[in-house]
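Hi,

Here is the structure I promised to pass on.

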Amino acid sequence: MQAGDCLQILREIKDVSFASVDEQGNPQVRIIDVMLVEDEKLYFCTSRGKDFHRQLLQHPQIAITGMNSAYQMVRLQGRSIRLSQQEYWIHRIFDENPSMKDVYPGNSFSILDAFVVCDAQLEFFDLGRQPIERRYFTIGEASMPKKGFMIQESCIQCGSCIRHCPQQCIVCGEPCHIRQNNCLHCGLCAEVCPVHAIIRR
C-alpha cells in the first residue's frame, strides 16, 4: 500500500465526502466526484456558482473521506488549488468521466472550474481485516504528525492495557509497546493504565 494506492481507492469509490470551511468558520460537507488521479495528485471540479467554490478560494484546506465495499477507508487532508489551463483540465475530466456530459450538456461545462490536491496527508484504515490495519502517507510537501498512543518507561508491565485492548495490538515488554498499524486510537489502554504510563503521541 502506497499513497498512490490510497488515491486510487478514492477514485474507484468516486462519490466521496468533501469537507470545507465556510465564511463563518463552520464545517460544510458534500459529496463530490473524484474525477482524475495521476502522479499522486487528485483532481475534481465544481461550478463557480456553488458555495463550495467560494469556500475553496477563501479557505483552500479540505478533507476528503471515502469507504469502499471492503470496508477500506481513505481519509485525506490537504490543500486544494484552482488549476491554470482550465479548458484543458475540464476537457480531460469530461473525457475520463463521460457521464458529466449529461449533467452539463453542450457548452454549459464552461461554468466549471477544475481543482487539484497535491499536498496532503493520507490515512488508510482497513476495517475489513482482524486486527484492523492503519497506514499513513503524505503527498507533495505535506508532513504527517504522529497520532495514537504510546507507552512510556514508567510502565509496570501489569498487563491491564493488554487485557483491555479491543484489537489485541499491545505487546508485553519493558515497557509494553503498541503495534501502531493495528491500533484503533480508542484510548482505552490509557484509561485503564493504573500508573498513567500511556499518553497521546
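First, some ground rules. This is a predicted model, so local features need pLDDT of at least 70 and side-chain atom pairs count only at pLDDT 80 or more, while totals for chains, interfaces and linings use all residues. Residues are numbered from 1 along each chain as its sequence is written, and side-chain values use heavy atoms, with hydrogens and water left out.

Let's start with the largest pocket, which has a volume of about 210 Å³. A pocket here is an open set of points on a 1 Å grid over the protein atoms alone, where a 1.4 Å probe fits, with protein on both sides within 12 Å along at least five of seven lines. The volume is the space filled by probe spheres set on the points, and grid points are joined across faces, edges and corners. Lining residues have an atom within 4 Å of a point. There are 13 of them, and Ile32, Cys45, Thr46, Lys50 and Tyr104 lie nearest the centre. Two or more lining residues come from each of strand 2 (27–33), strand 4 (41–47), helix 2 (51–58) and helix 4 (100–103). Strand 4 gives the largest share, three residues. (Helices, H or I with at least four residues, and strands, E with at least two, are DSSP runs numbered from the N terminus.) By type, the lining has eight nonpolar, two polar and three charged residues; Ala, Val, Leu, Ile, Met, Phe, Trp, Tyr, Cys and Pro count as nonpolar, Asp, Glu, Lys and Arg as charged, and the others, Gly among them, as polar.

Now the rings. The structure holds seven aromatic pairs, meaning rings of Phe, Tyr and Trp (its six-membered ring) with centres within 6.5 Å; planes under 30 degrees apart count as stacked, over 60 as edge-to-face and the rest as tilted. Why is the pair of Tyr88 and Trp89 edge-to-face? Their ring centres are 5.0 Å apart and their planes are at 80°, so the pair falls in that class. Tyr88 is partly exposed, at 43% relative accessible area, whereas Trp89 is buried, at 11%. (Buried means under 20%, exposed over 50%, partly exposed in between, with a 1.4 Å probe and protein chains only.) Elsewhere, Phe18, Phe44, Phe52 and Phe115 form one aromatic cluster.

Trp89 also belongs to the buried residues of helix 3, along with Gln86, Ile90, Arg92, Ile93 and Phe94. An α-helix has 3.6 residues a turn, so residues three or four places apart point the same way. What do the buried residues of helix 3 pack against? Their partners are strand 3 (36–38), strand 4, strand 6 (72–82), helix 4 and strand 7 (112–126). Gln86, with a relative accessible area of 15%, is in contact (heavy atoms within 4.5 Å) with Leu112, Asp113 and Ala114, leaving aside neighbours within four places in sequence.

Ser47 lies in strand 4 and is buried, at 8%; beyond four places in sequence, Ser47 touches His53, Tyr104, Ile111 and Leu112. Ala19, in strand 1 (residues 15–21), is partly exposed at 22%. The C-alpha atoms of Ala19 and Ile62 are separated by 5.6 Å, although the two are 43 residues apart along the chain.

Cheers
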